[in-house]
Amino acid sequence: MPAPPVPKSWIRPCLLTANFAAPFALFGTHFRYPWLIAGAMTVHACFFYAIVAPSCGWLVRVATRFRAKGSEVWLTIDDGPDGEASVRLGEAMSRRGVQATFFVKGQNLARQPDVGRALVAAGHSLANHTQTHPVRLFWWLRPARLRAEIDACNEALRSAGVTAIRWFRSPVGLKNVFLEPTLFCRGMRLIGWSVRGKDGVECDPASVARRVGKGVSPGAIVLLHEGRARSNEAILRVIDELRERGYSFVIPGDEQLV
């Protein structure tokens, strides 16, 4: 069964109302009041920030940490599955006693459902990262297209044997004004991150491990990626260095998310 939907926030309707009311107020007063112009600019700046800031929960409540029981972190891996490389990665992590959540693109999973099943069999979980990863237009998607992106990926997850579809991660953490009600109706929750390796930009294993190691703490959600030339090497290096520091890798329950 899906997790209970996250209660809606009062911040979202207030921000949306202010964002749409500000232009009408300016036109109605013929731009005669500087304080009103400054206020409208501030409202629009807040709206823009709410869309592009991955950890901002003004438009959609987003989990960026979890309540850890000791030195635990949650490893999340985006953009797969990546064929045999994903299978090898999942097996290598399992040998280390590491569990992770793979936020997969639905179109990738639909082409290789057996890879998804292999990851689940190895003790990992799969979650929704949209069907086509529309990074440039995600914030602008209309309700029907947004629902299609999420539902198509959910269908690919079900075809790969996933029965409990609880979590969603948007492309590069972008928000959409229709995302909260869309997730709410599906009993899903938006998952962000607390620390990332920036391996989607530069996948040098040493640099990735250094970035993660610098920002990690108990209860952190760690973001890494598949599909780059040295992705497996970078991910395993992060894991090995954090394990040496006493960290363990878990998949938290919904009640632990904050």
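Rings of Phe, Tyr and Trp (its six-membered ring) form a pair if their centres lie within 6.5 Å; planes under 30 degrees apart count as stacked, over 60 as edge-to-face and the rest as tilted. In this predicted model, local features need pLDDT of at least 70 and side-chain atom pairs count only at pLDDT 80 or more, while totals for chains, interfaces and linings use all residues. Residues are numbered from 1 along each chain as its sequence is written, and side-chain values use heavy atoms, leaving out hydrogens and water.

Four aromatic pairs are found in a search of the whole structure. The ring centres of Tyr49 and Trp58 are 5.4 Å apart and the planes stand at 55 degrees, so this pair is tilted. Tyr49 is partly exposed at 42% relative accessibility, and Trp58 is partly exposed at 32% (buried is under 20% relative accessible area, exposed over 50%, partly exposed in between; 1.4 Å probe, protein chains only).

Two arginines sit over tryptophan rings (CZ of Arg, or NZ of Lys, within 6 Å of the ring centre and within 35 degrees of the ring normal).

| Charge | Ring | Distance to ring centre |
|---|---|---|
| Arg142 | Trp140 | 4.5 Å |
| Arg166 | Trp167 | 4.1 Å |

Helices (H or I, at least four residues) and strands (E, at least two) are DSSP runs, numbered from the N terminus. The buried residues of helix 8 (residues 205-215) include Val208 and Val212. They pack against strand 7 (195-196), strand 8 (221-225) and helix 9 (231-244), where contact means heavy atoms within 4.5 Å. In helix 9, the buried residues include Ile235, Val238 and Leu242. Just after helix 9, Gly246 has a positive phi of about 95 degrees.
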